[in-house]
Amino acid sequence: MTTTMTMKNEPIPLLDLRGQYEPLRKEMRVAMDRVCDSQWFIGGPEVEACEREIADYCGCEFGIGMSSGTDALLCGMMAMGIGPGDEVVVPSFTFFATAGCVSRLGATPVFADVDPDTYNLTAACIAPKLTEKTKLIIPVHLFGQCAEMDEILALAAQRGIAVMEDSAQSIGSTYKGRQACSMGLMGTLSFFPSKNLGAFGDAGMIVTNDADVAHMCRLFRNHGAEPKYYHSHIGGNFRLDALQAAILRVKLPHLDSWSKGRIENAVKYDSLLAGAPVKCPRIADGNKSIYNQYVIAAPRRDELRKHLADRGISTEIYYPVPLHLQDCFAQYGGKHNDLPTCETAANEVLALPIYPELTDGQIERVAAEIQAFYN
Ligand SMILES: *Cc1c(COP(=O)(O)O)cnc(C)c1O
């Protein structure tokens with residue numbers, strides 16, 4: 001009886017990585033020991049094997065290990081020569097880094113609205129934002145679902161503009177059978193611990209099918225030096241640690257089963273939330289989402305969030321302020337009502353716990369509490 005009561009009231013975190021770690025503990029130790037015994041911490045065989053394996057997984061020819069998903073965006077744009085005078089079209093409804101990196105290079109992020117169902121850029125959202133100065137479009141495959149890439153790629157090709165896919169939230173998701181990050185000039189990945197493939201710290205990768213892009217990214221990752229101490233370009237230190245690479249190699253073979261677990265949980269939420277006045281995630285035809293987040297649009301969102309928090313259920317708002325309204329981007333002149341879908345989304349979205357180790361009982365409790373709130 002007591003046990004049941006405790007179970008019933010046990011907090012449900014938004015994400016709990018311990019369940020994923022436990023069965024891999026031994027294998028992780030072996031992998032970390034391998035690196036420690038070799039004392040080869042930067043570059044080397046572990047990083048190269050990790051790059052090979054993740055590029056293969058993504059259906060890309062080249063993988064360039066990066067220190068984070070943010071640095072992958074930054075380094076990728078440096079490798080393309082993006083700088084002052086250039087415009088880069090980005091969604092306003094995304095994680096900060098997508099636009100922050102553009103700004104850090106002295107280029108101008110041009111914020112576009114998104115589709116109300118997928119929260120992703122579409123060609124129709126992008127087209128009015130293109131100018132003679134547009135050098136790059138960065139579709140973000142948000143929450144684990146790909147943007148409508150055929151239309152975006154066609155528009156970009158027609159205008160001679162490159163496409164870089166911010167795939168930080170979407171490793172393993174597919175669009176008409178094609179892997180996220182394999183469709184544009186390059187794709188960027190994040191292995192931040194809360195992503196579907198998470199390292200034990202910060203890590204990321206650029207993947208591409210273009211040998212020249214791969215070469216330039218490698219150059220910029222390492223201070224633009226080739227050979228060592230001879231600098232043709234001004235790069236940075238964006239390298240992936242061997243320890244993180246070793247950990248990622250242990251986890252990669254499990255990624256598909258983890259993503260499958262998330263998809264199964266999403267199906268359960270979809271049916272348990274039927275009848276509630278919330279909008280469940282809408283997955284476009286031809287897309288397979290890996291549900292990095294399960295994000296509902298909810299009326300009275302903040303009250304619902306408090307209702308759940310009071311009952312031990314953690315949720316998160318990705319993202320409460322669209323980027324065109326962020327203080328640090330005021331210089332670009334964004335105003336309220338410029339991008340209505342992004343602004344509405346910021347007021348409605350709520351991410352529910354979706355990690356694969358959630359039990360049916362936990363999912364049922366979250367859904368029941370949401371139903372109870374609206375009843
Ligand atoms: C997580 C994330 C990033 C940044 O990745 P880090 O590894 O945290 O630097 C960039 N873009 C999007 C959409 C993300 O979700």
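In this predicted model, Thr94 touches Val140, Leu142, Tyr319 and Leu323, leaving out residues up to four places away in sequence. Thr94 sits in the loop between strand 2 and helix 6. With a relative accessible area of 3%, Thr94 is buried, because buried means under 20%. The side chain of Thr94 also makes a polar contact of 3.0 Å with the side chain of Thr98.

Tyr319, one of the residues touched by Thr94, takes part in an aromatic pair with Phe93. The whole structure holds 13 aromatic pairs. In the pair of Phe93 and Tyr319, the ring centres are 6.2 Å apart and the planes stand at 75°, so the arrangement is edge-to-face. Planes over 60 degrees apart count as edge-to-face. Phe93 belongs to the loop between strand 2 (87-91) and helix 6 (97-104), and Tyr319 to the loop between helix 12 and helix 13; the pair therefore ties together parts that are 226 residues apart in sequence. Phe93 and Tyr319 are both buried.

A second pair is formed by Phe111 and Phe329. Here the centres lie 5.4 Å apart, the planes make an angle of 45°, and the pair is tilted. Phe111 is part of strand 3 (residues 108-112), whereas Phe329 is in the loop between helix 12 and helix 13, so this contact ties together parts that are 218 residues apart in sequence. Phe111 has 9% relative accessibility and counts as buried. Phe329 is buried too, with a relative accessible area of 2%. One aromatic cluster is made up of Phe93, Phe95, Tyr119, Phe143, Tyr318 and Tyr319.

Helix 12 spans residues 301-310. Its buried residues are Arg301, Leu304, His307 and Leu308. These residues cover an arc of only 120° around the axis, which puts them on the same side of helix 12. The face turned away from that buried side carries the exposed residues Asp302, Lys306 and Asp310. Within helix 12, His307 has a relative accessible area of 14% and is buried. His307 is in contact with Glu369 and Phe373, when neighbours within four places in sequence are left aside. Gly312 follows helix 12. Its phi is positive, near 80°.

Helix 8 (residues 149-159) was examined in the same way. Met149, Ile152, Leu155 and Ala156 are buried in this helix. Seen down the axis, these residues fall within an arc of 135°, so they line one face of helix 8. Ala157 and Gln158 are exposed on the other side. The cover over the buried residues of helix 8 includes helix 7 (123-126), strand 4 (134-137), strand 5 (162-166) and strand 6 (174-175). Gly160 follows helix 8 and has a positive phi, near 65°.

Met28 lies in helix 3 (residues 25-38). Met28 is buried, with a relative accessible area of 0%. Its contacts, apart from neighbours within four places in sequence, are Tyr21, Phe200, Ile247, Val250 and Lys251. Met28 and Val250 are 222 residues apart in sequence, yet their C-alpha atoms are 6.6 Å apart in space.

In the side chain of Ser190, an N or O atom is 2.6 Å from an oxygen atom of the ligand. A polar side-chain atom of Lys195 is 3.0 Å from an oxygen atom of the ligand. Taken alone, the ligand exposes 380 Å², and the protein buries 94% of that area.

How values were computed
Residues numbered from 1 in each chain as written. Predicted model: local features only at pLDDT ≥ 70, side-chain atom pairs only at ≥ 80, totals over all residues. Heavy atoms only, no water. Buried < 20%, exposed > 50% of the residue type's maximum accessible area, 1.4 Å probe, protein only. Helix = DSSP H or I, 4+ residues; strand = E, 2+ residues; numbered from the N terminus. Arc of directions from axis to C-beta. Polar contact = N/O pair within 3.5 Å; in protein donor to acceptor, adjacent residues only side chain to side chain. Areas by Shrake-Rupley, 256 points an atom, 1.4 Å probe, with all protein chains shown as cover. Phe/Tyr/Trp six-rings, centres within 6.5 Å; stacked < 30°, edge-to-face > 60°. Contact = heavy atoms within 4.5 Å.
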